[in-house]
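User: Hi! I have a structure open here and would like to talk it through with you. Could you help me find my way around?
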Amino acid sequence: SDNINDIIDHVLYSQEDIQEMCKRLGKQLTEDYAGKDPLVVGVLKGAVFFMTDLVRQMDVKMQNDFMDVSSYGDGFESSGKVRLDIDVQADVKDRDVLLVEDIVDTGHTLKFMKDLLTERGAKSVKCCALLNKTERREDDVVVDYYGAKVANEFVVGYGLDYLNEYRNIPFIGVLKPEVIQANLNR
Ligand code: PRP
Ligand code: MN
Ligand code: MG
């Protein structure tokens, strides 16, 4: 269906909730990255929405870059395999890199990026994720900053997708189980 109400079970975080998280995180990051001239890297595609709100709450000299790393699976489960699709343009050697993610789930994607950028000689590699799904963690990787912990439910909106859709929903909602079921039956 084309209607949000037909696919969302309930709102988990409203637009106001999300803006509060961005403000709190932005304030903390402003303190922690003062004078560090960080390279703030958004991870395509999910983090684009959070990235733009977060960095506008950071009163810090910085550069912005993007990379596309996908953990590939069937849309429900990540397989543990991670692929670098688009690299950062910047040289990360001796840089303080802050990775921005919409969600850390198994941790495979974040572990891959932290290892890669560390190998290239980054001075530090930290991550700020909007959501932290700790229950699902398979890799022992630190999420240095996050907006909220979430339970193991399928969340969409504000960058989070289901089969590459619903990213543009302005809040974060829990997907109705029947939406997933309908796809399984197709
Ligand atoms: C999602 C999400 C994170 C990653 C988290 O991205 O945006 O980047 O998965 O999963 P993990 O912790 O299990 O690795 P995805 O690879 O689906 O690409 P997308 O951002 O383009 O949706
Ligand atoms: Mn992603
Ligand atoms: Mg995805």
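This is a predicted model: local features need pLDDT of at least 70, side-chain atom pairs count only at pLDDT 80 or more; totals for chains, interfaces and linings use all residues.

User: How much of the chain is buried?
Analyst: Buried residues account for 35% of the 186. As for contacts between residues at least 6 apart in sequence, 68% of them join residues at least 24 apart.

User: Let's move to the ligand. Which residues are closest to ligand 1?
Analyst: The closest are Lys-45, Gly-46, Asp-105, Thr-106 and Thr-109, from a shell of 18 residues around ligand 1. Strand 2 (39–44), strand 3 (63–73), strand 5 (96–104) and helix 4 are the elements that give two or more residues to that shell.

User: Which of those gives the most?
Analyst: Strand 5 does, with four residues.

User: Nice. How does the shell divide into nonpolar, polar and charged?
Analyst: Five residues of the shell around ligand 1 are nonpolar, eight are polar and five are charged.

User: Tell me about strand 5, then. What does it pair with?
Analyst: Two partners to look at here. Strand 5 pairs with strand 6 in the parallel sense, over eight bridges, and Asp-96 stands opposite Ser-124 in strand 6. Strand 2 also runs parallel to strand 5, and four bridges join them. In that pairing Gly-42 stands opposite Val-100 in strand 5.

User: Why is strand 2 described as largely enclosed?
Analyst: Five of its six residues are buried, so strand 2 is largely enclosed by the rest of the structure. Strand 6 (residues 124–132) is mostly covered too, with seven of its nine residues buried.

User: Which of its residues are buried?
Analyst: In helix 4 the buried ones are His-108, Thr-109, Leu-110, Met-113, Lys-114 and Leu-117. Thr-109 is also one of the residues closest to ligand 1. Just after the helix, Gly-121 takes a positive phi of about 95 degrees.

User: Okay, new topic. What is the strand order in the open sheet of three?
Analyst: The order is 1-9-8, and the pairing is antiparallel. Strand 1 (8–13) and strand 8 (155–156) stand at the edges with a single partner strand each, so one side of each has no neighbour in the sheet.

User: How many bridges join strand 8 to strand 9?
Analyst: Two bridges join them, with strand 9 covering residues 172–175. Val-155 has Val-174 in strand 9 as its bridge partner.

User: Last one: is Ala-151 buried or exposed?
Analyst: Ala-151 counts as exposed, because it has 11 C-beta neighbours inside 10 Å and the cut-off for exposed is 12 or fewer. You'll find Ala-151 in the loop between strand 7 (145–149) and strand 8. Ala-151 is 15 residues from Arg-136 in sequence, and their C-alpha atoms are 8.9 Å apart in space.

User: Great, thanks for the tour!

Terms used:
Residues are numbered from 1 along each chain as its sequence is written. Chains are lettered from A and ligands numbered from 1 in the order in which they are written. A residue is buried if 20 or more other C-beta atoms lie within 10 Å of its own, exposed if 12 or fewer, and partly exposed in between; C-beta atoms are placed from the backbone. Two residues are in contact if their C-beta atoms, placed from the backbone, lie within 7 Å. A residue is near a molecule or strand if its C-beta atom, placed from the backbone, lies within 6 Å of it. Ala, Val, Leu, Ile, Met, Phe, Trp, Tyr, Cys and Pro count as nonpolar, Asp, Glu, Lys and Arg as charged, and the others, Gly among them, as polar. Two strands pair if DSSP finds at least two bridges between them.
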